[in-house]
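I opened this notebook to record how two chains meet. The sequence and structure are placed below for reference.

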Amino acid sequence: MVREIENSAGIPVVQIATIVPIMLTVGANRIVPGVAIPHPVGDPSRGAEGDRAVRRELLERALRAIQTPVEEQTIFTS
Amino acid sequence: MTRRVVCYINQFFAGMGGEEQAHVPPSARPGTVGPAMQVQSLLGEEAVVVGTVICGDSYFGEHLEEARAECVRLIGEFKPDLLVAGPAFNAGRYGVACGDICSAVTEKLGIPSITGMYRENPGVELYSPKTFIVKTSDSARGMKDALGAISALAVKILKGTPLGAAEDEGYFPRGIRKNFFHETNGAKRAVDMLLRKLAGKPFSTEYEMPVFKRIPPAEPVKDLKNATIALVSSGGIVPRGNPDHIRVSSAESYGVYDISSLDDLTPENFESIHGGYDRVWANEDPDTVLPLDIMREMEREGVFGKLYDNVFTTTGTGTAVAHAERFGQEIGERLKKDGVDAVILTST
């Protein structure tokens, strides 16, 4: 899905998920590793504020990813 | 000793009806129904078709667990030595049903199973490692050939005849490699292959490499402050009650939901219906999968221009690659038309 959206729309798609090898396999070009399979963009164990902070950081990283020129599949770890 | 065979077919091939009967639950009939009659005549003296189990394609797809359990039970009651399902040709739901039942019967009853499908049937990719899927044409016009190939393979298996390579036997590879002594050594075979390649002659590899599609990365967003960003997710987050009946697994559809008036996803307005992960956290706060709250916050702060008015969601578990690709193409075309600049896609 990620690959075909990018292909048909011609716009960058950043995928946030936890199992990086799967994102590499399906052909995502911009990858942000998520927190956990059941809550990729949050961490409920850190309480409401901590959860939001984790989500904010991941989304800021995702926004950096879509502004970054890449030549090949790239994992944005920070 | 005469061996016992059970056939599985859908409501259409049982002569019950088309789509309007696709909801019928599993049932069993003694002896042969529909294509099972031809299977019996092709098996001849080698085996007897003792029963036929029938289930509607939609019923199977929509009640996967119950349908599978009930079909395995009904099939088991006939005490078969082998199951023949379909053939399903290029019918997606039927193919998935045939593949699923074959896999379950082989696993739970410990007997071999055979079905038949066209190469593009999503059932091939899902189930070819778990059962024998004979290659067929794309429609029931190829019934005669399909049943001939299925029955020939059935006889071989029932007699315990050693099988050759999948390619030679006419079924989709199961991902099994068998060791054997070749008459020529590897070095010679490799050079022979190279010479054939150089001469432009056909050759076949002895070790298939997986093929993953790749696309060149899209150009980055230049002006984030004025960019429209869309959220997409395969994490199964949908409005409460799942109004579009997106499947909990093996999804064949996605939903488009207007979030233009929402600032936050809560257990009151959204939920997770994904069948492939523990939904406790997603149901307490769907933002942990589909992060609307923080996206709205950043939109308000002017970090980026605008959050696109709709989210697209489906469940990414057991979803056929062909379906996922179609979702992506349709979503991509819509986003392009609506001038969206980038996508954040979350997956579980």
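How many salt bridges does the rule find across the interface of chain B and chain A? I looked this up and noted 7 salt bridges, a salt bridge being a side-chain nitrogen of Lys or Arg within 4 Å of a carboxyl oxygen of Asp or Glu. I then picked out Arg55(A), which forms a salt bridge with Asp293(B), with the closest N and O atoms 2.8 Å apart.

I noted the conditions. This is a predicted model, in which local features need pLDDT of at least 70 and side-chain atom pairs count only at pLDDT 80 or more, whereas totals for chains, interfaces and linings use all residues. Residues are numbered from 1 along each chain as its sequence is written, chains are lettered from A in the order in which they are written, and side-chain values use heavy atoms, without hydrogens and water.

Next I looked up the extent of the contact (heavy atoms within 4.5 Å). Chain B contributes 53 residues and chain A 47 residues. The buried area is about 4,100 Å², with 66% from carbon and sulfur atoms; this is the accessible area (1.4 Å probe) lost by the two parts on being put together, summed over both.

Finally I examined a pair of strands (DSSP runs of at least two residues, numbered from the N terminus). Strand E1 of chain A, residues 13-17, runs parallel to E13(B) and is joined to it by 4 bridges; strands pair if DSSP finds at least two bridges between them. I recorded that Ile16(A) stands opposite Thr346(B) in E13(B).
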